[in-house]
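This report covers the fold, the aromatic pairs and a surface patch. The sequence and structure come first.

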Amino acid sequence: MRKKASFPTAIPLFIGIIAVSFSSIFVKWASAPASIQGMYRLLFTVLLMLPFIGPYWSELKSLSFKKASMLFTSGFFLALHFLLWMGSLKLTTVSSSTIILALEPVFIVFGAFILYKERTSRVSMLGMGVAIVGAVLIGWGDIGVSRDNLIGDMLSVFGTLAVSVHMLIGQKMVTQVSSFIYSFVVFVSAVVVFAVYNLFTATPFIGYPGKDWLMFLLLAVVPTVFGHLLFNWLLQYVSATTISMSILGEPVGSSLLAFLLLGEQMTWFQIIGGLLAISGLVVFLNAGRLSKKALGSQVGEPLKSA
């Protein structure tokens, strides 16, 4: 059972969207392999969380094997997501890569229905459809036909599937452990997965330029702490479907930042798509209120102002 929020959840969701939009920019600015970027991104995040672990230490030590296994599985899929998605950014444009994230709510909706019997209202589905169409338009002109771009697009697809599994596991686990412990154990697990991967692939752990280390730190602070960590905390109050729909705002933010900071041009299709994605997102996040208003008007009840 999720907690009832005593604050507007749209505010932290918006902050998270802005934060994760910077992720692709930092990845593009770094020259290190995706597996190294992902490992240090999460390692630095864990180090930033360590000073606050005191009140949660007893909970951490008392984790059952079953819960620890589920948390590790979530961490594994998070690492897989970062590995595939960051790798895609090395082969294709920001717009082409982030647009694939539009598939996440689709995977989440089906997964949530199969695993948790969680149904989605018609208004929510309408908002989702509009946002996905908008997100597709954003990257329409940039989805390449070259071999590298095609590989990059496929890596992003599988990375999106991986993060969907991570989010679905998280939706269940945050009802059993605190959001802090969930995030901490998941991030540590992902670091271990990355470290093992880098060892087996003989990827150097050190020897990267100072700019890369700055990008590792920025990836930890901005899109991870103010993005993923914030989203994990919000899973106490909203569903994984809502989180994934909110992340649809990332292609909009990332495409705009790529235009301003990387010089990647935006087409009219992308601009129109961005407006559609934002509109669909607003409809989805307000689906409950819109449904109640529609029901009230049908039965002749006076509508109260929001």
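## Basis

Helices (H or I, at least four residues) and strands (E, at least two) are DSSP runs, numbered from the N terminus. This is a predicted model: local features need pLDDT of at least 70, side-chain atom pairs count only at pLDDT 80 or more, and totals for chains, interfaces and linings use all residues. Residues are numbered from 1 along each chain as its sequence is written, and side-chain values use heavy atoms, with hydrogens and water left out.

## Overall fold

The protein chain has 15 helices and 0 strands. Of its 306 residues, 50% are buried (under 20% relative accessible area; exposed is over 50%, partly exposed in between; 1.4 Å probe, protein chains only). Take contacts (heavy atoms within 4.5 Å) between residues at least 6 apart in sequence: 90% of them join residues at least 24 apart.

The protein chain exposes about 14,500 Å². Carbon and sulfur atoms supply 72% of that area. Accessible areas come from the Shrake-Rupley method with a 1.4 Å probe; for residues, only the protein chains shown count as cover.

## Aromatic pairs

Rings of Phe, Tyr and Trp (its six-membered ring) pair if their centres lie within 6.5 Å; planes under 30 degrees apart count as stacked, over 60 as edge-to-face and the rest as tilted. The count by this rule is 11 aromatic pairs. One of them joins F44 and W213: the ring centres are 6.5 Å apart and the planes meet at 40 degrees, so the pair is tilted. F44 sits in helix α3 (residues 34-49) and W213 in helix α11 (residues 210-234), so the pair ties together parts that are 169 residues apart in sequence. F44 is buried at 18% relative accessible area; W213 is partly exposed at 28%. Y40, F44, W213 and F216 form one aromatic cluster.

F180 and F184 form a stacked pair, 6.4 Å centre to centre with 5 degrees between the planes. They are 4 residues apart in helix α10 (residues 179-200), separated by about one helical turn. F180 is buried at 14% relative accessible area. F184 is buried too, at 8%.

## Nonpolar surface patch

Which residues form the nonpolar patch on the surface? They are F72, F76, V188, V192, V196, L199 and F200, with about 680 Å² of accessible area together. Patches are made of residues with over 30% relative accessible area and no salt bridge; like charges are joined within 9 Å, nonpolar side chains (Val, Leu, Ile, Met, Phe, Trp, Tyr) within 5 Å. A salt bridge is a side-chain nitrogen of Lys or Arg within 4 Å of a carboxyl oxygen of Asp or Glu.

Helices α5 (65-89) and α10 each supply at least two residues of the patch. The largest share, 5 residues, comes from α10. V196 lies in helix α10 and is partly exposed, with a relative accessible area of 41%.
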